[in-house]
Amino acid sequence: MSGKPVLHYPNTRGRMESVRWLLAAAGVEFEEKFLEKKEDLQKLQSDGFLLFQQVPMVEIDGMKLVQTRAILNYIAGKYNLYGKDVKERALIDMYVEGMADLYELIMMNVVQPADKKEEHLANALDKATNRYFPVFEKILNHGHDFLVGNKLSRADVSLLETILVVEERKPDALAKFPLLQSFKARISNIPNIKKFLQPGSQRKPPLQEKDIPSLMAIFH
Amino acid sequence: MAEKPKLHYTRGRGKMESIRWLLAAAGVEFEEEFIEKKEDLEKLRNDGSLLFQQVPMVEIDGMKMVQTRAILCYIAGKYNLYGKDLKERAWIDMYVEGTTDLMGMIMALPFQAADVKEKNIALITERATTRYFPVYEKALKDHGQDYLVGNKLSWADIHLLEAILMTEELKSDILSAFPLLQAFKGRMSNVPTIKKFLQPGSQRKPPLDEKSIANVRKIFSI
C-alpha cells in the first residue's frame with residue numbers, strides 16, 4: 001500500500017480530468033484504477049464504495065471521496081491551492097465555477113446529436129471568447145503572475161486546463177488575449193505542470209467518437 | 001455598518017433558493033432586488049455587475065458574488081456552517097453535491113415537455129428513494145446524532161431539509177421508508193431560524209406556476 005491517492009474512473013478525461021490536473025500541479029503522485037466495463041462499475045457499487053453509486057471516486061486519506069467538486073475542494077485545501085482567507089477563496093470559487101461551466105459546455109459537445117453538434121460548438125466557443133476569456137484577461141491586468149493573491153491556486157490550474165481544451169477546438173482562441181497568452185506560457189512552465197503536459201504523463205487525450213460506445217456501455 | 005446582503009434574481013426559487021435558505025438558517029437578514037423583465041437583467045449586465053453575465057448575484061461584504069456554489073461556500077464559511085476542518089468540509093461537500101443533483105432534476109421539470117416531464121418525475125422518485133435518501137438515512141443511523149456532520153448544524157443539514165421538502169412537493173409520501181429522515185425533518189423544521197423561514201410571509205419562494213415559467217423563459221431567452 002503506497003498511500004497515494006487512487007482515482008477510480010474510465011480511461012478518459014470526463015469529470016476526472018480536473019482532479020488529475022490538480023493533483024499533478026500539486027506535485028502529488030497518484031494511481032488510477034480504470035473502469036473498462038459495466039461490471040467494474042457494478043463491483044464498486046456493490047462493494048459500497050460509491051456514496052451515490054457514481055464515479056469519479058478518489059481514495060485519499062482514508063476516505064472514498066465522490067462528487068467532483070468535493071474532491072477538488074479537498075485537494076485544493078490540503079495542498080494550499082485555495083487562497084489564504086475566505087475572500088480569496090470566494091474569488092477562486094467564482095473563477096473556478098465559471099470555468100467549470102465553460103469546460104462542461106465543451107465536454108458535452110461530443111455527445112450532442114449530429115445535427116446539433118456544430119451549432120453547439122459554435123455557441124461554446126462564442127461563450128469562451130466573449131463571456132469567459134475577457135473576464136480572465138481583465139483580471140490579469142493586475143500585473144501579477146497568478147489570478148488570485150499573487151500565488152498559484154487551483155484557479156490558475158483550472159484556467160490553463162480550460163484554455164488548452166478550448167484551443168483544441170479553436171487553435172486561435174487566445175488571439176485577442178495577450179495576457180492570457182503569456183499566462184498560458186508561464187503556467188505551462190511550472191515544473192509540475194510542465195511534466196504533466198509531456199507525453200507519457202497521466203493526462204488523458206480528447207475523447208474520440210469511436211470510444212463513445214464502450215464508455216456508454218459502462219454507464220448504461 | 002453591517003449592510004444586509006442583497007440578492008439579485010427573479011421572484012422564483014431557481015438557483016437562488018438554496019442561498020435564501022442558507023442565509024435564513026444562519027439568521028442573516030437579506031434584501032432582494034427582483035428581475036421582472038429582460039431589461040432588468042440587461043441593466044445588470046451593462047452595469048458590469050455580473051462577472052459572467054449571469055445571476056444569481058449577491059452583493060455581500062463589498063463583493064458582487066456570482067456562481068451559486070461560490071456564494072453558498074462563502075456564506076457557509078462565514079457563518080460557521082461548513083464544519084470544523086478539511087475532512088468535515090469534504091463530507092459536507094459530498095452531501096451537498098448529492099442534494100444539489102437531486103434538486104437540480106426537480107428544478108428542470110417545469111421547463112420540460114409533458115412526456116419528458118412524466119418520465120423524469122418517475123426517475124426522480126426512483127433516485128430519491130434508492131440513491132439519495134438512503135445515504136442520508138444511513139448517515140444519521142450510523143452516528144445516531146441530530147445532524148449529518150460533526151454533531152453540529154451545517155450547510156448539509158439545511159440543504160437536505162430543502163431537498164426533502166422539494167421532493168415531498170412532488171410526492172408527499174416520499175419519506176415513508178425513511179424514519180430517521182422523518183425525525184430529521186421534524187427536528188430541523190423546529191430550529192427557530194428555519195421555523196421562521198417556513199412560515200407564510202417569509203422570503204421563501206413558492207414553486208413556479210405556468211405564468212412565471214413563461215416570464216422566466218422571456219427574461220433568460222430559453
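Ring pairs join A:Phe52, B:Trp91, B:Tyr95, B:Tyr132 and B:Tyr136 into a cluster. The model is predicted. Over all chains, it holds 12 aromatic pairs.

**The aromatic cluster**

- A:Phe52 and B:Tyr132 form a tilted aromatic pair, with 5.4 Å between centres and 40 degrees between planes.
- This pair crosses between chains. A:Phe52 sits in the loop between helix 2 (38-46) and strand 3 (57-60) of chain A. B:Tyr132 belongs to helix 5 (residues 114-143) of chain B.
- Both A:Phe52 and B:Tyr132 are buried.
- B:Tyr95 and B:Tyr136 also form a tilted pair, at 5.5 Å centre to centre and 55 degrees between the planes.
- B:Tyr95 lies in helix 4 (residues 86-108) of chain B and B:Tyr136 in helix 5 of chain B, so their pairing ties together parts 41 residues apart in sequence.
- B:Tyr95 counts as buried, at 7% relative accessibility. B:Tyr136 is buried too, with a relative accessible area of 0%.

**Around A:Tyr82**

- A:Tyr82 is found in the loop between helix 3 (68-78) and helix 4 (86-108) of chain A.
- The relative accessible area of A:Tyr82 is 4%, so this residue counts as buried.
- Leaving aside residues up to four places away in sequence, A:Tyr82 touches A:Asn73, A:Ala76, A:Gly77, A:Arg89, A:Ile92, A:Asp93 and A:Arg154.
- A polar contact of 3.1 Å links the side chains of A:Tyr82 and A:Asn73.
- Another side-chain polar contact, of 3.1 Å, runs from A:Tyr82 to A:Arg154. These two residues are 72 apart in sequence, yet 6.3 Å apart in space, C-alpha to C-alpha.
- The charged end of A:Arg89 sits over the ring of A:Tyr82, 3.5 Å from the ring centre.
- In chain B, B:Arg89 lies over the face of B:Tyr82, at 3.5 Å from the ring centre.

**The nonpolar core**

- Nonpolar side chains tend to be buried together in soluble globular proteins.
- Here the largest nonpolar core has 143 residues. Those with the most contacts inside it are A:Phe133, A:Phe136, A:Leu147, B:Phe133 and B:Trp155.
- Beyond residues up to four places away in sequence, A:Leu147 touches several others, including A:Tyr95, A:Phe136, A:Ile139, A:Leu140 and A:Phe183.

**From the record**

- An unreviewed UniProt entry places the feature "domain: GST N-terminal" at residues 3-83 of chain B.
- Over residues 3-83, chain B is 36% helix and 20% strand. The end C-alpha atoms of this stretch are 26 Å apart.

Terms used. Residues are numbered from 1 along each chain as its sequence is written. Chains are lettered from A and ligands numbered from 1 in the order in which they are written. This is a predicted model: local features need pLDDT of at least 70, side-chain atom pairs count only at pLDDT 80 or more; totals for chains, interfaces and linings use all residues. Side-chain values use heavy atoms; hydrogens and water are left out. A nonpolar core is a set of buried Ala, Val, Leu, Ile, Met, Phe, Trp, Tyr and Cys residues joined through side-chain atoms within 4.5 Å. Buried means under 20% relative accessible area, exposed over 50%, partly exposed in between (1.4 Å probe, protein chains only). Contact means heavy atoms within 4.5 Å. UniProt positions are given in the numbering used here, feature names are shortened, and annotations may be inferred rather than shown by experiment. Helices (H or I, at least four residues) and strands (E, at least two) are DSSP runs, numbered from the N terminus. A polar contact is a pair of N or O atoms within 3.5 Å; within protein, one must be able to donate a hydrogen and the other to accept it, and residues adjacent in sequence count only if both atoms are side-chain atoms. Rings of Phe, Tyr and Trp (its six-membered ring) pair if their centres lie within 6.5 Å; planes under 30 degrees apart count as stacked, over 60 as edge-to-face and the rest as tilted. A charge sits over a ring if NZ of Lys or CZ of Arg is within 6 Å of the ring centre and within 35 degrees of the ring normal.
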